[in-house]
Amino acid sequence: LQAGYDVRLRSMPAAPVNVAILPDDQVRVSKTLLTFTPQNWAAPQQVLIAAVDDDFDELTPHPGLVDHRVSSADPLYGDIDAGYQTPFANPSRVDTTPRTIEVAVTDDDNAMILIDESSNGTPLLEGSSQVRFYTLSLTSRPRADVTLTLSADSQLTVDPPSVVIPAAEWSLPLTIMSMVANDNLVEGPHSGDITHSAASDDPQYGPAASYQNTSSTPSPQPNVLRILIEDDDIPGLILTPTRINVLEGGSETYTVALAARPTEPVQVTLTSDSQTNTNVASLAFLPDNWMTPQAVLVSAVDDADAEGPHLSRIRHTATSADSNYQTLGAATLTVDIADDDSPSVFVAPSVLDLEEGGSSEAYDIVLTTRPTDDVVIEFAVDAQVSLAAETLRFTAEQDRCDLRTVVFETEVVVTPH
């Protein structure tokens, strides 16, 4: 958008007259020198004015000034202020000198800190390595460097925690990275906030700076970036293992822990049937020890019934002022019982955890009753493991006492590949 004005002389000069057009930094002109001669002195010469797009946030309107300097060999057209006539005389003018034209400039810059985040509301998974990137930039040129401090709440981490935007590089966006903190609390879908604050010798980018936030997730203030979080914590009871083998008259252990941090103490009550007993009736977990496994000893009742292999189940029920655990369903441990009143082969434990290239582990094999003849057990393994023996032999002559679980137990070493 341009505006224009005309310059002419009021009388014929005795020598050429040069008029220098001198704009300030707010405007630019189409001509910087006009020359009037005794031949063209009466013809007006037009000057066009346009505003300079300077990227600074300024008042609307703000003044732009065009000064004029006259030089000539004609002494009547020397550089004297009294020789100017302008129709723009106005008491409110910034510069009331007749030789100066004042232009009202409308500003198109708005000083704001731009928080640009474009995830479209996709949540980050808690406990994962997912990262959320966003950028910070300025919408206008500052008159001094701008320092931005980033403060994340307990749900998030932010890197870097502060950035400096040099005045000369104001239009270059700076990338910020945020991740979700893993807090082990059962929160369901929730969010975390990153608050931005500014400091600068330019008051437009100081503590009272304005912000533009492009995130699709609503936030309490424009200077706050809110990130949605998908919780990975689910209340529950962890039984390790969930199934055990026990010989009648023998015992085995398992552990109980909570799957997520409770806000209140949790009591876990154990209920077994007539086939098993536990060494504790209940377990207590606190917010400080919720993830520490607590051991439970299970004993299989040694009765005189020939039942063969049979099952027992132990229920675990949680009670707590924490509603997440108060409404939790029961967890069940399955106990496979080998009857010592019926001939069978008892293996314990039934599951081994091995690491490739790691150390060997062992399990026990026991005959539940005395054999009348030799018993040979053959092993079949896949390509993932190897055994220290291919067969295992039990003989009737080995039985010389009633401690069958000691006399007949034979250790078989399993070596991982």
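A residue counts as buried under 20% relative accessible area, as exposed over 50%, and as partly exposed in between. Take R226 in this predicted model: at 25% relative accessibility, R226 lands in the partly exposed class. R226 sits in strand 17 (residues 224–230) and D193 in strand 15 (residues 190–200), 33 residues apart.

Now for the wider picture. The protein chain has 2 helices and 32 strands, and 37% of its 417 residues are buried. Among contacts with a separation of 6 or more, 68% join residues 24 or more positions apart. The accessible surface is about 22,500 Å², with 52% belonging to carbon and sulfur atoms.

Back to the charges: the structure holds 5 salt bridges, including these.

| Salt bridge | N to O distance |
|---|---|
| R141 and D55 | 3.8 Å |
| D336 and R243 | 2.6 Å |

R141 and D55 both come from loops: R141 from the one between strand 10 (132–138) and strand 11 (146–152), D55 from the one between strand 5 (45–51) and strand 6 (62–72), 86 residues apart. R141 is partly exposed at 27%, and D55 is partly exposed at 23%.

What does the D336 and R243 pair tie together? D336 is in strand 26 (residues 331–338) and R243 in strand 19 (residues 243–247), so the bridge ties together parts 93 residues apart in sequence. D336 is partly exposed, with a relative accessible area of 21%, and R243 is partly exposed at 42%.

Key. Residues are numbered from 1 along each chain as its sequence is written. This is a predicted model: local features need pLDDT of at least 70, side-chain atom pairs count only at pLDDT 80 or more; totals for chains, interfaces and linings use all residues. Side-chain values use heavy atoms; hydrogens and water are left out. Helices (H or I, at least four residues) and strands (E, at least two) are DSSP runs, numbered from the N terminus. Buried means under 20% relative accessible area, exposed over 50%, partly exposed in between (1.4 Å probe, protein chains only). Contact means heavy atoms within 4.5 Å. Accessible areas come from the Shrake-Rupley method with a 1.4 Å probe; for residues, only the protein chains shown count as cover. A salt bridge is a side-chain nitrogen of Lys or Arg within 4 Å of a carboxyl oxygen of Asp or Glu.
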